[in-house]
Amino acid sequence: MNTIQAEWENFSKGAISPLANSDQIADAKMAFYAGAWSMMGMQHRLVEEGYSENAGVAIMGGVYEEMTNFFKSLEASDEK
């Protein structure tokens with residue numbers, strides 16, 4: 001299984017400018033880890049609050065759709 005660190009390293013290769021300074025890199029890494037923490041918290045709450053497996057899958061499917069739409073909107077704004 002991958003670690004968050006391994007995912008960060010893979011992500012940062014394509015998303016962080018080679019011209020970024022150490023503060024910018026640290027801020028981006030903090031945001032990346034905060035996103036991972038948030039996702040873990042969402043999944044944990046699904047279990048804690050007793051959602052069924054099917055309900056959990058549906059909720060996480062909505063989260064996936066939200067993320068997909070967000071990245072599509074970024075692509076669309078880059079094309080302008």
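Colleague: Which pattern does the protein chain follow along the sequence?
Modeller: This is a predicted model; local features need pLDDT of at least 70, side-chain atom pairs count only at pLDDT 80 or more, and totals for chains, interfaces and linings use all residues. Residues are numbered from 1 along each chain as its sequence is written, and side-chain values use heavy atoms, with hydrogens and water left out. Helices (H or I, at least four residues) and strands (E, at least two) are DSSP runs, numbered from the N terminus. The protein chain has three helices and zero strands, and its pattern reads α-α-α.

Colleague: What radius of gyration does the protein chain have?
Modeller: The radius is taken over C-alpha atoms, and the globule rule is 2.2 Å times the number of residues to the power 0.38. A compact globule of 80 residues would come near 12 Å. The C-alpha atoms fill a box of roughly 45 × 30 × 20 Å along the principal axes. The radius of gyration of the protein chain is 16 Å.

Colleague: Which residues do ring pairs link into a cluster?
Modeller: Rings of Phe, Tyr and Trp (its six-membered ring) pair if their centres lie within 6.5 Å; planes under 30 degrees apart count as stacked, over 60 as edge-to-face and the rest as tilted. The count comes to five aromatic pairs. The cluster consists of Trp8, Phe11, Phe32 and Tyr33.

Colleague: Why does Asp23 count as exposed?
Modeller: Asp23 is found in helix H2. Buried means under 20% relative accessible area, exposed over 50%, partly exposed in between (1.4 Å probe, protein chains only). Asp23 is exposed because its relative accessible area is 55%.

Colleague: Is Ser17 exposed or only partly exposed?
Modeller: Ser17 lies in the loop between helix H1 (4-15) and H2. Its relative accessible area is 39%, so Ser17 is partly exposed.

Colleague: How far is Ser17 from Gly56, C-alpha to C-alpha?
Modeller: Along the chain, Ser17 and Gly56 are 39 residues apart.
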